[in-house]
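Keep the viewer open as you read, and look up each residue as it comes along.

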Amino acid sequence: MNMKDIAKELGVSIATVSRVVNGHSNVNIETKKRIEEYIKSKNYTPNVMAQNLSKMENKTIALLVPNISNPFFASLINYICKNFNKGGYQIALYNTVENLEQEKEAIKNILGLRIAGVIAILINGEYKDNPLEPLLRAKIPVYLIDREFENSKFPGVFIDDFIGAYKITKILLERGHKRIALITGNLDFFNARERMRGYIQAHLDKGIEIEEKNIYEGDYLFESGYVAGEKILESDVTAVFSSNNLMLFGVLKALKNQKKKIDLACFEKTDFLELLDEEILSCSIPLEDMGKNIYELFISKDKKKKIYIEPII
């Protein structure tokens, strides 16, 4: 059902129905009441995109996310939506499932819509060709959140990955661990390299040698954590630092029913970690602040500003 159907059924003009739907006051009281009652009885929901077009307004934001099954991203999405919804914006969510072709297709689809802007958590940290370039050519504002390009000029809100990883590793070293396994994210990602850099720098500052065999490259997904965990069980490490929570869950699966005692640490703290019997050293990332800051940055229309948020141990 659309406005044309309602107008035909009630014997009024489409313009009259449109004025009632859009809350305009210049409609006869009885006619307005009749239209509202009919709409309510039919559970009619206006097409927000069409309304925006008709009013020449633009209140839809495209949100690119690499993996909605990751509790970290799920929580971050909630805070982004909360802030943009308060500002009267609708969110068009694109889950790119850590797939570059899917990401490219999502950007292509966004170009066909009337969009006020794009908030992007990209899959990669390095691209041969900037995937966001088509959006910029179309003069669509783009802001990054969480994952940053190396040497990028895009505005956005980011976690200080180096500091968070440095602090966690330093605490593990101060607890007497000299052989700490690191499970990295995909090292094509700038944030994965920054977390590894924090791990390395903490060792350098403490004068403790790093063994290359104790660094396992993962991809931020559960299975890579499990594969690394199986190998770690056969090693002599006494602590594991996972670069995200999904890989830590993979490690926990590998450690299940094993007698080997290993201290665990994780870059991202999520509510799920509190359900475990294990004591896990982790970073609490102020996701609510990230959601608020990206909204404020967007409405400020600042095309250069970058905000870095330090994780809390």
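Two strands count as paired if DSSP finds at least two bridges between them. With that in mind, here is what stands out in this predicted model.

**Strand β4 and its partners**
- Strand β4 (residues 142-146) has five of its five residues buried, so the rest of the structure largely encloses it.
- On one side, β4 runs parallel to strand β3 (residues 117-120), and three bridges join the two.
- A120 has L144 in β4 as its bridge partner.
- Strand β5 (residues 156-159) also runs parallel to β4, again joined by three bridges.
- Here I145 stands opposite V157 in β5.

**The nonpolar cores**
- The largest nonpolar core holds 45 residues, and those touching the most other members are F84, I119, I145, F241 and M290.
- Helix α5 (residues 71-86) is the top contributor to this core, giving seven residues.
- A separate, second core has 24 residues, including L248, V251, L264 and I280.

**A closer look at F241**
- Setting aside residues up to four places away in sequence, F241 touches A165, I168, T169, L172, I180, A181, L182, I183, Y199, A265, C266 and F267.

**T96, a loop residue**
- You will find T96 in the loop between β2 (90-95) and α6 (100-111).
- Is T96 buried or exposed? Its relative accessibility is 1%, and buried means under 20%, so T96 counts as buried.
- Beyond its neighbours within four places in sequence, T96 is in contact with L64, V65, P66, Q102, E103, A106 and I123.

How values were computed
Residues are numbered from 1 along each chain as its sequence is written. This is a predicted model: local features need pLDDT of at least 70, side-chain atom pairs count only at pLDDT 80 or more; totals for chains, interfaces and linings use all residues. Side-chain values use heavy atoms; hydrogens and water are left out. A nonpolar core is a set of buried Ala, Val, Leu, Ile, Met, Phe, Trp, Tyr and Cys residues joined through side-chain atoms within 4.5 Å. Buried means under 20% relative accessible area, exposed over 50%, partly exposed in between (1.4 Å probe, protein chains only). Helices (H or I, at least four residues) and strands (E, at least two) are DSSP runs, numbered from the N terminus. Contact means heavy atoms within 4.5 Å.
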